[in-house]
Amino acid sequence: MNHFEIREIPGKGRAMIATKGLAAGEVIFEEEPFVSSQFSWNTTNGYAACDHCMRPLETVQENVRRLASDPHVEVPLPQYDPTTAWAAQFTQSERCEVRYCSEDCLMEAQKRYHRVCCLGQFRLDGTHPINRLIGTWKKVHYPPETGTILLIVRLMALYQQSGAKKPEFLEQLQSFQPLIVNRALLEKIYHKMLGENFEKQMTQLYRAFCKAFEHEAFDVFTTPDAFKTLMVIMGTHSQGIATSVLAQWVNKVTDLPLPDAERAQLDTVIDNLYTKMGEFLNNEGSGLYLLQSKINHSCVPNACSTFLYSNDIVVLKALSPILEGEEICISYLDDCQLERSRHSRHKVLRENHFFVCQCPKCRAQASDPDVASDEEDDDEMDDYHH
């Protein structure tokens, strides 16, 4: 039984409200995505993950050696490699050789969407219309990625495989659509995803999309307005997902009761591994979540979204006690951004989430000057260059 409800709040829109008191650390809900997918460039660059749930398919040693470009790196304590428990279950589609972490994931993918979007022998054929669509996306959306056209590909397959439940599917999809979308907001969303030349690139994507889904069964989605709606949903509601076999291994070995000397040695090994591996460590993708997408932002969040199982299941936990009737909020900003000035927080939120925050912290700092500190300016330039 859920201990929250979704309500409309005048002047704010949808919000998640607690229907009973929640303790700090309490799990509020766990949710599988409506749809999810690994990022296109992440896949191209060799990040091996289950095609359905994004669980890593590499051992920690394989992962480290690939990212460090060093076949001789040794990772200690291999008995704590989280992949070991799963490796015997790894499987793949006989038709297209797409890989999965288990027979369960393979069967779930087949049941929900894979029968329609499976490319079979054409999986690596760049001339296939779906691969052309993915290729067009990759030409206009480079790392660091914030979304993937594969979400829309899978939405089309979900729709087609939903059979008699198509009206239910459309109702759920409609629930992601923002209540008010004007031209200025559309342009901001497209600019965020596609950059300066977004009008030309939207035209290219739309043409490739129509070619990939030219069957009359998809006519409801292949009008210009319908395609723009799909892009807006992806641009405003997709939740980033990151899974990492190295992070899981680090969590396990960090909790070991080791003598001080061994602990210091292990910490040095871990630091050296991260130094060798560079910046982009995770299997990364995005998903649409029916519940999680209804949670508003606060700069003083009382809950957080985590991925405890190293797959695409999101777990919402209370960060502090939440009273009955109180709104449940998460932060759309990372920990470093939350510590910045009100001006800097608002800048990030406007550019990436298209709203002005009116949380208690922002209201309390309303009289602060609308300038960023020199340190924050340096951080923002670092973010830009990365």
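Begin by selecting V35 and L288: within β8, L288 is the bridge partner of V35. The model is predicted, so to speak of local features requires pLDDT of at least 70 and side-chain atom pairs count only at pLDDT 80 or more, while totals for chains, interfaces and linings use all residues. Residues are numbered from 1 along each chain as its sequence is written, and side-chain values use heavy atoms, with hydrogens and water left out.

Strands here are DSSP runs of E, at least two residues long, and helices are runs of H or I of at least four, both numbered from the N terminus; two strands pair if DSSP finds at least two bridges between them.

**Second stop: Q239**

Now select Q239, which has its place in strand β7. Its side chain makes a polar contact with the side chain of Q292, at 2.7 Å (a pair of N or O atoms within 3.5 Å, one able to donate a hydrogen and the other to accept it; residues adjacent in sequence count only if both atoms are side-chain atoms). What else does Q239 touch, residues up to four places away in sequence not being counted? The contacts of Q239 are G285, S286, G287, Y289, Q292 and F307, a contact being heavy atoms within 4.5 Å.

To find the second largest pocket, select T43, D51, V98, R123 and L150, which lie nearest its centre among 33 lining residues. Two or more lining residues come from each of β4, α1 (40-44), α4 (103-117), α5 (129-140) and α6. Which element gives the most to this lining? Helix α5 does, with 5 residues. A pocket is an open set of points on a 1 Å grid over the protein atoms alone, where a 1.4 Å probe fits, with protein on both sides within 12 Å along at least five of seven lines; lining residues have an atom within 4 Å of a point. By class, 16 nonpolar, 10 polar and 7 charged residues make up the lining of the second largest pocket (Ala, Val, Leu, Ile, Met, Phe, Trp, Tyr, Cys and Pro are nonpolar, Asp, Glu, Lys and Arg charged, the others, including Gly, polar).

In the loop between α5 and α6, select P144. The peptide bond leading from P143 to P144 is cis, with omega near 0°. Then move to E97, in the loop between β5 (91-92) and β6 (99-100). Although E97 is not a glycine, its phi is positive, at about 65°.

**Last stop: the sheet around β11**

Finally, select T306 and V315: T306 stands opposite V315, which belongs to β11. Strand β11 covers residues 314-318, runs antiparallel to β10 and is joined to that strand by 4 bridges. Together with β3, these strands form an open sheet of 3 strands, ordered β3-β11-β10, in which the pairing is antiparallel. At its edges are β3 (27-31) and β10 (303-306), each pairing on one side only. On average, neighbouring strands of this sheet are turned by 15° against each other, direction ignored.

Notes: Axes fitted to C-alpha atoms, helices over the stretch in contact; angles between N-to-C directions.
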